[in-house]
Amino acid sequence: MNTGCLAQAAEVLWGPAGAYAYAAYQRLRAQLFPELASELPIVIGLTAYGHCIGLTRAPWEHGARISLAPKVFAEGERMVDDVLVHEMLHAALIADAQDSKHAGEAWYAGVRRLSPAVLRHPLDVQRPKRRSVRIPNPAYGPDDRRKTLVRKVSDDTEGLHAAIARWPVPFRPEGYDFGPPITLAKY
């Protein structure tokens, strides 16, 4: 894959939004992720699950593939940057053969490492502890003879893990200016 060919295709397909996505990738890569490939496939379109604003999938023939929801471009340049840096963290963990899930220690370490540069302040977050507890089986009866079930319970009473799973956006101050919207070519 020639460097620049994906960026050119993105600009043809999505206009200013495609051009911005690849320029932002280059800028963020130089700043935060020099270990990532010079280009990764970035798709602008519907993301899985209906509520995701970004998604990174791997394995794929050329490494990780990033998808960005069209609505992030309407919210502004810095929203695109935030969603892209989140997805680039997934891609970097995948490239390093680490667990890229939000619940993993590698994700939390990445958030701690990147927050001073991305948020302009440190974020000292630790993965919530989980423990197994026995609960009564609500389906107990003739079809299910187990009286109890084992469930994992988290110490995360503040909902911090849900915010870390959407990092960095939830850690922006109220009223944060995400900048001007970016035109997304319709097709």
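1. Helices are DSSP runs of H or I with at least four residues, strands are DSSP runs of E with at least two, and both are numbered from the N terminus. Ala-97, for instance, lies in the loop between H4 and H5. The model discussed in this note is predicted.

2. Overall make-up. The protein has 187 residues, of which 42% count as buried. Its secondary structure comes to six helices and five strands. Read from the N terminus, the order of the elements is α-α-β-β-β-α-α-α-β-β-α. The C-alpha trace spans about 60 × 40 × 35 Å along the principal axes. Taking contacts between residues at least 6 apart in sequence, 53% of them join residues at least 24 apart.

3. Length of helix H2. Does the span of H2 agree or disagree with its residue count? H2 covers residues 16-32, which is 17 residues, and at 1.5 Å a residue the helix should span 24 Å. The expected figure is 1.5 Å times one less than the number of residues.

4. Surroundings of H2. The buried residues of H2 are Ala-17, Gly-18, Tyr-20, Ala-21, Tyr-22, Ala-24, Tyr-25, Leu-28, Arg-29 and Leu-32. What do the buried residues of H2 pack against? Their partners are helices H1 (5-14), H3 (71-75), H4 (77-95) and H5 (105-118), together with strands S1 (42-44) and S3 (65-68).

5. The H1 and H2 pair. The axes of H1 and H2 are 6 Å apart, and the two helices pack at an angle of about 150°. Angles over 145 degrees count as roughly antiparallel. H1 and H2 are therefore roughly antiparallel to each other. On the H1 side the contact is made by Leu-6, Ala-7, Ala-10, Glu-11 and Trp-14, and on the H2 side by Pro-16, Ala-17, Gly-18, Ala-19 and Tyr-22. Sorted by class, this contact has eight nonpolar residues, one polar and one charged.

6. The nonpolar core. The largest nonpolar core has 47 residues. Within that core, the residues with the most contacts are Phe-33, Leu-68, Phe-73, Leu-84 and Trp-167. At least two residues of the core come from each of H1, H2, S1, S3, H3, H4, H5 and helix H6 (160-164). Which element gives the largest share? H4 does, with 10 residues.

7. Trp-167 and Pro-168. Neighbours within four places in sequence aside, Trp-167 is in contact with Val-85, His-86, Leu-89, Val-111, Leu-114, Ser-115, Val-118, Leu-119 and Leu-123. A cis peptide bond joins Trp-167 to Pro-168, with omega about 5°. Pro-168 is in the segment after H6.

8. Asp-82. This residue is in helix H4. Is Asp-82 buried or exposed? Asp-82 has a relative accessible area of 3%, and buried means under 20%, so Asp-82 is buried. Not counting residues up to four places away in sequence, Asp-82 touches Val-118, Pro-168, Val-169, Arg-172 and Phe-178.

9. Val-12. This residue belongs to helix H1. Its relative accessible area is 71%, so Val-12 is exposed, the cut-off for exposed being over 50%. Val-12 and Leu-123 are 111 residues apart along the chain, and their C-alpha atoms are separated by 38 Å.

10. Two positive phi values. The phi of Ala-97 is near 60°, a positive value in a residue other than glycine. Ala-97 is exposed, with a relative accessible area of 71%. Arg-120 is not a glycine either, yet has a positive phi of about 70°. Arg-120 sits in the loop between H5 and strand S4 (130-136). With a relative accessible area of 66%, Arg-120 is exposed.

11. Arg-130. This residue is found in strand S4. Arg-130 is exposed, with a relative accessible area of 53%. How many residues apart in sequence are Arg-130 and Val-153? They are 23 residues apart in sequence, while in space the C-alpha to C-alpha distance is 5.4 Å. With residues up to four places away in sequence not counted, Arg-130 touches Lys-152, Val-153 and Ser-154.

Definitions and conventions:
Residues are numbered from 1 along each chain as its sequence is written. This is a predicted model: local features need pLDDT of at least 70, side-chain atom pairs count only at pLDDT 80 or more; totals for chains, interfaces and linings use all residues. Side-chain values use heavy atoms; hydrogens and water are left out. Buried means under 20% relative accessible area, exposed over 50%, partly exposed in between (1.4 Å probe, protein chains only). Contact means heavy atoms within 4.5 Å. Axes are lines fitted to C-alpha atoms, for helices over the stretch in contact, and angles run from 0 to 180 degrees between N-to-C directions. Angles under 35 degrees count as roughly parallel, over 145 as roughly antiparallel, 65 to 115 as roughly perpendicular and the rest as oblique. Ala, Val, Leu, Ile, Met, Phe, Trp, Tyr, Cys and Pro count as nonpolar, Asp, Glu, Lys and Arg as charged, and the others, Gly among them, as polar. A nonpolar core is a set of buried Ala, Val, Leu, Ile, Met, Phe, Trp, Tyr and Cys residues joined through side-chain atoms within 4.5 Å.
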